[in-house]
Amino acid sequence: METIERGSAGTSRVAIVGGIHGDEPAGETIVRRLAATLDAEGSGDGTVRLVIANEPALAAETRYTDADLNRAFPGDPESDEYERALAPRVAAAVDGMDAVLALHTSHSAPPPFAIYSDLTPSVRRSVTGMPIDYALDSGNLRSTTLDSVVPHAVSIEVGRQGSEEAVEFGYEACLAFLRAHGALDDEPPAFTETTVVAGDEEVPKGGGEPHVYFENFEPIPRGAVFAEDDVYTHRVDEEGVVPILASEHGYEEIFGIYGRVQRTLQPPDAAGDGPV
(Lines give C-alpha, C1' and ligand atoms only; values in the text may rest on other atoms or scores of the structure.)
Protein backbone atom coordinates (compact mmCIF):
# COMPACT_ATOMS: atom_id res chain seq x y z
CA MET A 1 0.00 0.00 0.00
CA GLU A 2 1.20 3.49 -0.88
CA THR A 3 -0.10 6.73 0.62
CA ILE A 4 0.51 10.22 -0.77
CA GLU A 5 -0.32 13.38 1.17
CA ARG A 6 -1.50 16.57 -0.54
CA GLY A 7 -2.76 19.87 0.80
CA SER A 8 -6.35 21.00 1.22
CA ALA A 9 -7.96 24.36 0.54
CA GLY A 10 -10.13 23.95 3.63
CA THR A 11 -10.27 22.21 6.97
CA SER A 12 -11.69 18.85 5.89
CA ARG A 13 -9.63 15.65 5.89
CA VAL A 14 -10.50 13.55 2.85
CA ALA A 15 -9.11 10.42 1.21
CA ILE A 16 -9.28 8.89 -2.27
CA VAL A 17 -8.46 5.19 -2.66
CA GLY A 18 -7.54 3.50 -5.94
CA GLY A 19 -6.32 0.03 -6.79
CA ILE A 20 -8.48 -2.01 -4.43
CA HIS A 21 -8.76 -4.47 -7.31
CA GLY A 22 -5.62 -5.12 -9.30
CA ASP A 23 -7.43 -5.63 -12.61
CA GLU A 24 -8.89 -2.10 -12.35
CA PRO A 25 -5.79 0.05 -13.06
CA ALA A 26 -7.85 3.19 -13.68
CA GLY A 27 -7.93 3.80 -9.93
CA GLU A 28 -4.15 3.92 -9.66
CA THR A 29 -3.89 6.07 -12.79
CA ILE A 30 -6.38 8.57 -11.37
CA VAL A 31 -4.68 8.68 -7.96
CA ARG A 32 -1.26 9.32 -9.52
CA ARG A 33 -2.73 12.01 -11.76
CA LEU A 34 -4.24 13.70 -8.71
CA ALA A 35 -0.89 13.44 -6.91
CA ALA A 36 0.77 15.19 -9.83
CA THR A 37 -1.78 18.00 -10.10
CA LEU A 38 -2.85 18.79 -6.54
CA ASP A 39 -0.77 21.21 -4.45
CA ALA A 40 1.58 19.61 -1.97
CA GLU A 41 0.72 22.40 0.47
CA GLY A 42 -2.84 23.70 0.65
CA SER A 43 -4.13 26.99 1.97
CA GLY A 44 -6.18 25.25 4.66
CA ASP A 45 -5.53 23.04 7.66
CA GLY A 46 -7.05 19.90 6.17
CA THR A 47 -5.45 17.19 4.09
CA VAL A 48 -6.02 15.10 0.99
CA ARG A 49 -4.73 11.56 1.41
CA LEU A 50 -4.28 9.51 -1.76
CA VAL A 51 -4.03 5.74 -1.35
CA ILE A 52 -2.97 3.02 -3.80
CA ALA A 53 -4.23 -0.06 -2.04
CA ASN A 54 -3.30 -3.40 -3.60
CA GLU A 55 0.08 -2.97 -5.25
CA PRO A 56 0.90 -6.69 -5.76
CA ALA A 57 -2.43 -7.33 -7.50
CA LEU A 58 -1.94 -4.24 -9.67
CA ALA A 59 1.53 -5.44 -10.65
CA ALA A 60 0.12 -8.87 -11.52
CA GLU A 61 -2.88 -7.32 -13.34
CA THR A 62 -5.21 -9.61 -11.42
CA ARG A 63 -8.23 -8.79 -9.27
CA TYR A 64 -6.51 -10.09 -6.13
CA THR A 65 -3.64 -12.34 -5.05
CA ASP A 66 -5.29 -14.42 -2.29
CA ALA A 67 -8.73 -12.95 -1.56
CA ASP A 68 -10.96 -10.19 -2.94
CA LEU A 69 -9.93 -7.12 -0.91
CA ASN A 70 -13.36 -5.52 -1.23
CA ARG A 71 -14.91 -8.65 0.32
CA ALA A 72 -12.32 -8.90 3.10
CA PHE A 73 -13.04 -5.92 5.36
CA PRO A 74 -12.54 -5.42 8.26
CA GLY A 75 -9.89 -8.09 7.71
CA ASP A 76 -7.42 -9.79 10.03
CA PRO A 77 -3.86 -8.50 10.49
CA GLU A 78 -2.72 -12.03 11.38
CA SER A 79 -4.18 -13.66 8.27
CA ASP A 80 -1.97 -15.60 5.88
CA GLU A 81 -4.08 -14.26 2.99
CA TYR A 82 -2.48 -11.07 1.70
CA GLU A 83 -5.67 -9.08 1.10
CA ARG A 84 -7.27 -10.14 4.39
CA ALA A 85 -4.18 -8.86 6.21
CA LEU A 86 -4.09 -5.75 4.01
CA ALA A 87 -7.70 -4.73 4.74
CA PRO A 88 -7.03 -3.40 8.28
CA ARG A 89 -4.10 -1.36 6.95
CA VAL A 90 -6.25 0.24 4.25
CA ALA A 91 -8.99 1.00 6.78
CA ALA A 92 -6.43 2.50 9.17
CA ALA A 93 -5.04 4.71 6.38
CA VAL A 94 -8.44 6.41 6.00
CA ASP A 95 -9.48 6.24 9.65
CA GLY A 96 -10.81 9.54 11.00
CA MET A 97 -11.31 11.09 7.57
CA ASP A 98 -14.29 13.37 7.02
CA ALA A 99 -14.94 11.79 3.63
CA VAL A 100 -13.55 8.81 1.72
CA LEU A 101 -13.94 7.95 -1.98
CA ALA A 102 -12.97 4.52 -3.38
CA LEU A 103 -12.51 4.20 -7.15
CA HIS A 104 -13.71 1.19 -9.16
CA THR A 105 -14.37 0.14 -12.75
CA SER A 106 -16.39 -2.83 -14.00
CA HIS A 107 -17.23 -4.90 -17.07
CA SER A 108 -20.74 -3.54 -16.76
CA ALA A 109 -22.05 -0.81 -19.05
CA PRO A 110 -22.46 2.86 -18.11
CA PRO A 111 -23.74 5.01 -16.49
CA PRO A 112 -21.26 5.64 -13.65
CA PHE A 113 -22.80 5.52 -10.18
CA ALA A 114 -21.95 5.78 -6.49
CA ILE A 115 -22.30 3.11 -3.80
CA TYR A 116 -22.78 3.73 -0.09
CA SER A 117 -23.86 1.80 2.98
CA ASP A 118 -24.65 4.57 5.50
CA LEU A 119 -26.12 7.92 4.47
CA THR A 120 -24.25 10.37 6.68
CA PRO A 121 -24.22 14.12 5.88
CA SER A 122 -20.71 13.61 4.48
CA VAL A 123 -21.92 10.81 2.19
CA ARG A 124 -24.77 13.04 0.99
CA ARG A 125 -22.23 15.71 0.03
CA SER A 126 -20.06 13.17 -1.79
CA VAL A 127 -22.90 11.59 -3.74
CA THR A 128 -24.75 14.76 -4.75
CA GLY A 129 -21.49 16.63 -5.37
CA MET A 130 -20.28 14.28 -8.09
CA PRO A 131 -21.56 14.25 -11.72
CA ILE A 132 -23.64 11.08 -11.39
CA ASP A 133 -27.36 10.38 -11.73
CA TYR A 134 -27.60 7.22 -9.60
CA ALA A 135 -26.41 5.88 -6.26
CA LEU A 136 -26.74 2.34 -4.93
CA ASP A 137 -27.71 1.96 -1.28
CA SER A 138 -25.92 -1.31 -0.51
CA GLY A 139 -26.63 -1.35 3.21
CA ASN A 140 -28.60 -4.59 2.91
CA LEU A 141 -26.18 -6.38 0.58
CA ARG A 142 -22.76 -6.85 2.19
CA SER A 143 -20.78 -5.92 5.29
CA THR A 144 -17.32 -6.71 3.94
CA THR A 145 -16.65 -3.76 1.59
CA LEU A 146 -14.66 -0.61 2.35
CA ASP A 147 -17.76 1.59 2.26
CA SER A 148 -19.56 -0.74 4.69
CA VAL A 149 -16.90 -0.56 7.43
CA VAL A 150 -15.31 2.89 7.05
CA PRO A 151 -17.44 5.86 8.18
CA HIS A 152 -18.33 8.47 5.53
CA ALA A 153 -17.03 6.24 2.71
CA VAL A 154 -18.46 6.14 -0.81
CA SER A 155 -17.40 3.95 -3.70
CA ILE A 156 -17.84 5.04 -7.30
CA GLU A 157 -17.99 2.94 -10.45
CA VAL A 158 -16.39 5.33 -12.92
CA GLY A 159 -16.86 3.33 -16.12
CA ARG A 160 -15.93 0.31 -18.15
CA GLN A 161 -12.82 -1.55 -17.11
CA GLY A 162 -9.80 -0.74 -19.27
CA SER A 163 -11.33 2.31 -20.94
CA GLU A 164 -9.76 5.75 -21.15
CA GLU A 165 -13.25 7.20 -20.66
CA ALA A 166 -13.33 5.68 -17.17
CA VAL A 167 -10.03 7.37 -16.29
CA GLU A 168 -11.20 10.75 -17.55
CA PHE A 169 -14.59 10.56 -15.86
CA GLY A 170 -13.06 9.25 -12.63
CA TYR A 171 -10.55 12.09 -12.49
CA GLU A 172 -13.28 14.70 -12.95
CA ALA A 173 -15.45 12.94 -10.36
CA CYS A 174 -12.56 13.11 -7.88
CA LEU A 175 -12.16 16.84 -8.46
CA ALA A 176 -15.89 17.28 -7.89
CA PHE A 177 -15.63 15.21 -4.69
CA LEU A 178 -12.80 17.43 -3.44
CA ARG A 179 -14.78 20.60 -4.24
CA ALA A 180 -17.86 19.23 -2.47
CA HIS A 181 -15.84 18.88 0.74
CA GLY A 182 -13.98 22.18 0.43
CA ALA A 183 -10.61 20.54 -0.22
CA LEU A 184 -10.34 22.17 -3.67
CA ASP A 185 -11.38 25.77 -4.35
CA ASP A 186 -10.58 26.19 -8.05
CA GLU A 187 -14.32 26.56 -8.70
CA PRO A 188 -17.53 26.28 -6.66
CA PRO A 189 -18.95 22.81 -6.01
CA ALA A 190 -21.94 21.74 -8.10
CA PHE A 191 -24.59 19.75 -6.22
CA THR A 192 -27.44 17.96 -7.99
CA GLU A 193 -30.24 15.56 -7.10
CA THR A 194 -29.35 11.86 -7.31
CA THR A 195 -31.67 8.87 -7.70
CA VAL A 196 -31.08 6.27 -4.98
CA VAL A 197 -31.62 2.60 -5.84
CA ALA A 198 -31.71 0.12 -2.96
CA GLY A 199 -29.84 -3.08 -3.72
CA ASP A 200 -31.97 -6.09 -2.78
CA GLU A 201 -30.25 -9.26 -3.92
CA GLU A 202 -27.52 -10.67 -6.10
CA VAL A 203 -28.64 -12.56 -9.21
CA PRO A 204 -26.74 -15.88 -9.40
CA LYS A 205 -25.14 -17.51 -12.41
CA GLY A 206 -25.19 -21.26 -12.90
CA GLY A 207 -23.16 -22.23 -15.96
CA GLY A 208 -23.14 -22.31 -19.72
CA GLU A 209 -23.56 -19.32 -22.02
CA PRO A 210 -24.90 -16.30 -20.11
CA HIS A 211 -27.32 -13.73 -21.55
CA VAL A 212 -28.37 -10.37 -20.06
CA TYR A 213 -31.31 -8.53 -21.65
CA PHE A 214 -31.54 -5.20 -19.81
CA GLU A 215 -29.17 -2.27 -19.26
CA ASN A 216 -28.16 -0.92 -15.87
CA PHE A 217 -30.97 1.06 -14.19
CA GLU A 218 -33.38 0.18 -17.01
CA PRO A 219 -36.78 -0.82 -15.55
CA ILE A 220 -37.53 -4.49 -16.12
CA PRO A 221 -41.21 -5.06 -17.00
CA ARG A 222 -43.06 -7.55 -14.84
CA GLY A 223 -42.83 -11.01 -16.42
CA ALA A 224 -39.71 -10.22 -18.46
CA VAL A 225 -36.52 -12.28 -18.27
CA PHE A 226 -33.59 -10.24 -16.99
CA ALA A 227 -30.89 -12.86 -17.56
CA GLU A 228 -30.44 -16.56 -18.17
CA ASP A 229 -27.91 -19.32 -18.70
CA ASP A 230 -28.02 -23.13 -18.86
CA VAL A 231 -29.05 -23.35 -15.19
CA TYR A 232 -31.07 -20.22 -14.39
CA THR A 233 -33.82 -18.20 -16.03
CA HIS A 234 -34.29 -15.04 -13.97
CA ARG A 235 -37.81 -13.79 -14.64
CA VAL A 236 -38.94 -10.68 -12.77
CA ASP A 237 -42.36 -11.09 -11.15
CA GLU A 238 -42.97 -7.55 -9.91
CA GLU A 239 -42.77 -3.93 -11.05
CA GLY A 240 -40.04 -1.48 -10.14
CA VAL A 241 -36.99 -3.73 -10.46
CA VAL A 242 -33.84 -2.40 -12.16
CA PRO A 243 -30.51 -4.16 -12.73
CA ILE A 244 -27.22 -2.91 -11.31
CA LEU A 245 -23.75 -4.04 -12.44
CA ALA A 246 -25.46 -6.12 -15.12
CA SER A 247 -22.90 -8.13 -17.07
CA GLU A 248 -22.70 -11.38 -19.00
CA HIS A 249 -19.01 -12.05 -18.46
CA GLY A 250 -17.85 -9.57 -15.82
CA TYR A 251 -18.49 -11.73 -12.76
CA GLU A 252 -18.06 -15.46 -12.26
CA GLU A 253 -20.95 -16.02 -9.86
CA ILE A 254 -23.57 -13.32 -10.53
CA PHE A 255 -25.30 -11.57 -13.45
CA GLY A 256 -25.57 -8.44 -11.32
CA ILE A 257 -27.83 -7.08 -8.59
CA TYR A 258 -31.55 -6.40 -8.43
CA GLY A 259 -32.47 -2.96 -7.14
CA ARG A 260 -35.53 -0.83 -6.58
CA VAL A 261 -35.72 2.93 -6.93
CA GLN A 262 -35.98 4.20 -3.38
CA ARG A 263 -36.02 7.99 -3.51
CA THR A 264 -34.37 11.14 -4.79
CA LEU A 265 -31.41 12.27 -2.71
CA GLN A 266 -31.41 16.03 -2.27
CA PRO A 267 -28.23 18.15 -2.13
CA PRO A 268 -26.98 19.08 1.34
CA ASP A 269 -28.44 22.60 1.53
CA ALA A 270 -31.89 21.41 0.49
CA ALA A 271 -31.67 18.59 3.02
CA GLY A 272 -30.56 20.89 5.82
CA ASP A 273 -27.10 19.33 6.10
CA GLY A 274 -24.34 21.79 6.75
CA PRO A 275 -20.66 21.49 5.90
CA VAL A 276 -18.69 18.44 6.98
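Mentor: His152 is partly exposed, with a relative accessible area of 27%, where buried means under 20% relative accessible area, exposed over 50% and partly exposed in between, for a 1.4 Å probe and protein chains only. The model is predicted, so local features need pLDDT of at least 70 and side-chain atom pairs count only at pLDDT 80 or more, whereas totals for chains, interfaces and linings use all residues. Residues are numbered from 1 along each chain as its sequence is written, and side-chain values use heavy atoms, with hydrogens and water left out.

His152 sits in the loop between H5 and E7; helices (H or I, at least four residues) and strands (E, at least two) are DSSP runs numbered from the N terminus. Although 26 residues separate His152 from Ser126 in sequence, their C-alpha atoms are 8.9 Å apart in space. Ser126 is one of the buried residues of H4, together with Ser122, Val123, Arg124, Arg125, Val127, Thr128 and Gly129. Helix H4 (residues 121–129) is largely enclosed by the rest of the structure, because eight of its nine residues are buried.

The largest pocket has a volume of about 750 Å³. Among the 33 residues that line this pocket, Arg63, Asp68, Arg71, Arg142 and Tyr251 are the closest to its centre. Two or more lining residues come from each of strand E4 (99–106), helix H5 (146–149), strand E7 (153–160) and strand E13 (254–265), and E4 gives the largest share, three residues. On a 1 Å grid over the protein atoms alone, a pocket is an open set of points with protein on both sides within 12 Å along at least five of seven lines, a cavity is a set where a 1.4 Å probe fits but cannot get out, and lining residues have an atom within 4 Å of a point. Points are joined across faces, edges and corners, and a volume is the space filled by probe spheres set on them. By class, the lining of the largest pocket has eight nonpolar, 14 polar and eleven charged residues, with Ala, Val, Leu, Ile, Met, Phe, Trp, Tyr, Cys and Pro taken as nonpolar, Asp, Glu, Lys and Arg as charged, and the others, Gly among them, as polar.

The structure holds one cavity of 30 Å³ or more, and the largest cavity contains about 60 Å³ of space. Of the 13 residues that line this cavity, Ser106, Ala109, Pro111, Glu157 and Gly159 lie nearest its centre, while E7 provides the largest share of the lining, four residues. The cavity lining divides into seven nonpolar, four polar and two charged residues.

By the salt-bridge rule the count comes to 13. Another of these pairs is Arg32 with Glu28, at 3.1 Å from N to O, whose residues are four apart in helix H1 (residues 26–37) and therefore separated by about one helical turn. An α-helix has 3.6 residues a turn, so residues three or four places apart point the same way. Arg32 is partly exposed at a relative accessible area of 37%, and Glu28 is likewise counted as partly exposed at 22%.

Technical notes:
A salt bridge is a side-chain nitrogen of Lys or Arg within 4 Å of a carboxyl oxygen of Asp or Glu.
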